[in-house]
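Hi,

Here is the structure I promised to pass on.

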Amino acid sequence: MRASIVAGWRTPFCKAGTALKDLTAIDLGKLAVRELIARSEIDPHEVDQLIFGTVVHNPHAPNIAREVGLATLPKSVPAFTVSRQCASANQAITSAVDLIERGYARVVIAGGAESLSHIPITVSDPLAQSLTRAAKAKSVAGRVGAFRGLRPRDLLPTQPQIAEPTTGESMGEAAERMAKENRISRQAQDEWALRSHRLAAQGTSDGRLLTEIAAVYVPPDYQVSDRDNGIRTDTSLEALAQLKPVFDRKFGSVTAGSASPITDGASALLLMSDEAAGALGYQPLGHVVSYAYTALDPGAQLLQGPAYAAPIALDRAGATMEDIDLMEMHEAFAAQVLSNLQAMESAEFAERELGRTKPVGHPPLESINVMGGSIAIGHPFAATGGRITMTLLNEMRRRNAGLGLITVCAAGGMGFAMVVEAA
Ligand SMILES: CC(C)(COP(=O)(O)OP(=O)(O)OC[C@H]1O[C@@H](n2cnc3c(N)ncnc32)[C@H](O)[C@@H]1OP(=O)(O)O)[C@@H](O)C(=O)NCCC(=O)NCCS
């Protein structure tokens, strides 16, 4: 049984604290799924499962998939949440493929949502323990006593960081380290960032990126948000060169311009078996041929996962890089994109890291991220995988392309790659 991707839409991707700031990840997920159901005209009773990704979990509603499903699908449709950092929507999509190919589901909705405008603020462990003791205390004195021994700093709120729990290193610091180790220059990073904005601006003005976006009317005054708001039509190499390094202020090269911004957004895709597509009258956009997840030591080149995952996904598809017509690579940082492309070109990397006699290779640059990438469009962690899948499939159709490749790097040293074939 083959799994097909039939349709997909997303909200606009907006910088955190801007147009979508009043919507939670659950709100954004509901909007994406509602829009997918309305536009694809799928009967919600046909859906067998909802799978949704999120990275920054809401502690009060940890299974975001179920919350989204309860508002959009019959209550009898089971739903589960997946988390594989920046590859979370990719995990939702490949889990959907697995369910369909095993014959356990015919029709699945998969996607992801992230609101980085709503980061949960929690309390320190000592304060949490004191609060629990106070709640159990039987007297006023016991309640007051529960807080004895707390230091002023225990009262400070805590927030999740975009950092590796094992090493303490932030993604930005890891990108900075990769830039240094792989000798990726500041100029090369700025050029990639400029390319990302120029191509995304082009894809917006000619309407290609807009076709994947469903406008959002944001309560309470229902202002319309219908396009990604981080794309800069006004940026230039000169403007990028002026920006100060963020993660290593003295010797660094990674700036706000060459990093993906902190973003809100959601995406949702409709997948079904070929048999269901035929029976329900859907023309698939593409089939998932293969995929691969890899992991490396987070203390090594944290965001180099794509260079390890791509050759495995290609092998599993029985294809080589020469067969790939179009590629979408998640852009966490320009330094990460360029480090991965460099590794893919390198015979030495292929031999040392992969035990291969030939470099992995990559398609010509004109076939990679042809409408820009996460640096310009934005990166709501768990929604990005849905965006790049739809960007790729829609563009493959426009170009009459045969095979496409997706790669994503993810925290924890993980990498993802997926080969899709046009239907
Ligand atoms: C890098 C980062 C810290 C920057 O955050 P920020 O300071 O809020 O970013 P801003 O958008 O405000 O940009 C900072 C400045 O650079 C300017 N700038 C950013 N991109 C620019 C561009 N392409 N051209 C010109 N100027 C630009 C902004 O205008 C702003 O200038 P101002 O201070 O004069 O207003 C943040 O985006 C980040 O942490 N990104 C990485 C996220 C991450 O780790 N993701 C995980 C990846 S897997």
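Apart from residues within four places in sequence, T122 is in contact with P157 and T158 (contact means C-beta atoms, placed from the backbone, within 7 Å). This is a predicted model, where local features need pLDDT of at least 70, side-chain atom pairs count only at pLDDT 80 or more, and totals for chains, interfaces and linings use all residues. Numbering starts from 1 along each chain as its sequence is written.

You will find T122 in the loop between β5 (107-115) and α4 (125-136); helices (H or I, at least four residues) and strands (E, at least two) are DSSP runs, numbered from the N terminus. T122 counts as partly exposed because it has 13 C-beta neighbours inside 10 Å. The cut-offs are 20 or more other C-beta atoms within 10 Å for buried, 12 or fewer for exposed, and partly exposed in between, with C-beta atoms placed from the backbone.

Of its 423 residues, 52% count as buried. The C-alpha atoms fill a box of roughly 75 × 55 × 45 Å along the principal axes. Among contacts with a separation of 6 or more, 80% join residues 24 or more positions apart.

One more spot to look at is A313, which touches S290, Y291, A292, A417, M418 and V419, again leaving out residues up to four places away in sequence.

Enjoy exploring!

Terms used
Contact = placed C-beta atoms within 7 Å.
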